[in-house]
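User: I would like to go through the labels attached to a structure and see what stands behind each one. Please give the cut-offs as we go.

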Amino acid sequence: MNNNPPTGRKYLGEGALLVATIIWGGTFVIIKESLNDISPMLFITLRFSLAAVILLPIFFIKRKLFSRKLLLSGMLLGLFLFLGFSTQTVGLKFTTATRSGFITGTMVVFVPILQLIIKKRPPTKGAIAGTVLVFLGLSFLSSGGNSIFTLFSELGANFNFGDFMTLLCAVFFAFQIVYIDIISRKYDFWLLTFTQLATVSVMGIFATLLFDVTSIENIKLIPSDYLLFGLLYTGLLATLINIAIQTKFQKEVTPTKAGIIYSFEPLFAALFAFFLLNEKITNFGVIGGALIFLGLIVSEAYDSMKLIYEQRLKKS
């Protein structure tokens with residue numbers, strides 16, 4: 001199997017993932033407002049159910065390509081997605097949004113580790129350097145304008161149940177990123193996308209009922225125009241389109257590079273909040289955004305220089 005796609009396909013894949021990340025970045029503002037009218041787990045269930053229902057016609061058209069192996073593979077990816085969203089949702093009840101955003105972003109560190117363990121494929125030096133810069137950038141972006149050491153000291157001194165659940169969320173999302181690189185090469189991406197969405201939908205229904213019975217999260221649903229907009233944006237764009245993009249294009253780049261690109265999500269979220277909610281971006285936030293961008297540039301530049309060097313060696 002060729003793990004190094006042609007340059008054109010690689011850049012197309014990176015561009016597609018960046019578009020998906022921009023869309024995901026917009027969900028923070030929209031979901032923040034939507035959750036005034038709906039409980040978080042029910043929101044997750046409805047957005048994934050909407051996306052799955054829309055894909056039903058494609059499922060029936062391509063059903064002859066459906067197999068037990070595809071079902072199990074899609075369910076595995078869907079399981080990681082569901083666990084990532086649910087642990088993040090539960091974690092937010094016990095920790096701050098800033099800590100949640102930073103800890104979720106640590107998936108950029110877990111991805112290269114899992115890539116090495118699962119795929120037996122170490123990340124490139126450029127990817128490692130990019131990961132370090134992105135992690136540092138996330139630290140600045142999450143510091144709230146204070147010293148980044150304050151962020152780490154607060155996490156160390158007051159690491160709570162919510163922080164732990166959010167850390168699990170980062171690990172689950174990292175698993176999903178690595179396994180989608182392996183699985184998406186084998187099956188029709190539309191069927192694989194549908195299976196992931198349907199899996200999260202079914203698990204979400206059970207979790208919503210379980211959370212309500214155990215009083216972890218009571219079911220709340222207050223119909224409103226903004227809630228409808230939130231469900232349409234997240235269900236159609238952030239879920240249907242984005243999971244399809246991820247399933248189709250992530251295999252064109254390494255999992256570690258994908259993790260770096262996905263780390264732009266909090267940066268885009270801050271920009272959406274700045275333009276739509278008039279939230280202030282601190283100097284530390286600007287520095288953090290620059291470091292995240294630099295991380296991608298360093299990783300990309302290393303890959304490009306390495307490719308040019310290898311091509312010259314072949315010609316000589």
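User: Why is Y179 called partly exposed?

Analyst: Y179 has a relative accessible area of 24%. Buried means under 20%, exposed over 50%, and partly exposed in between, with a 1.4 Å probe and protein chains only. The value for Y179 is 24%, so the label is partly exposed. This is a predicted model, in which local features need pLDDT of at least 70 and side-chain atom pairs count only at pLDDT 80 or more, while totals for chains, interfaces and linings use all residues. Residues are numbered from 1 along each chain as its sequence is written, and side-chain values use heavy atoms, with hydrogens and water left out.

User: What makes F80 and Y179 a stacked pair?

Analyst: Rings of Phe, Tyr and Trp (its six-membered ring) pair if their centres lie within 6.5 Å; planes under 30 degrees apart count as stacked, over 60 as edge-to-face and the rest as tilted. For F80 and Y179 the centres are 5.8 Å apart and the planes 20° apart, hence a stacked aromatic pair.

User: Which parts does the pair of F80 and Y179 tie together?

Analyst: F80 belongs to helix 3 (residues 68-92) and Y179 to helix 8 (residues 161-183), so the pair links parts 99 residues apart in sequence. Helices here are DSSP runs (H or I, at least four residues), numbered from the N terminus. F80 itself counts as buried because its relative accessibility is 10%.

User: Are F59 and F60 buried or partly exposed?

Analyst: F59 is buried because its relative accessibility is 17%. F60 has a relative accessible area of 47%, so F60 is partly exposed.

User: Why does G204 count as buried, and what is G204 in contact with?

Analyst: G204 has 0% relative accessibility, so the label is buried. G204 is found in helix 9 (residues 189-213). Contact means heavy atoms within 4.5 Å. Leaving aside neighbours within four places in sequence, G204 is in contact with M41, T45 and F82.

User: How far apart are the C-alpha atoms of G204 and M41?

Analyst: Those C-alpha atoms are separated by 6.7 Å, although G204 and M41 are 163 residues apart along the chain.

How values were computed:
Helix = DSSP H or I, 4+ residues; strand = E, 2+ residues; numbered from the N terminus.
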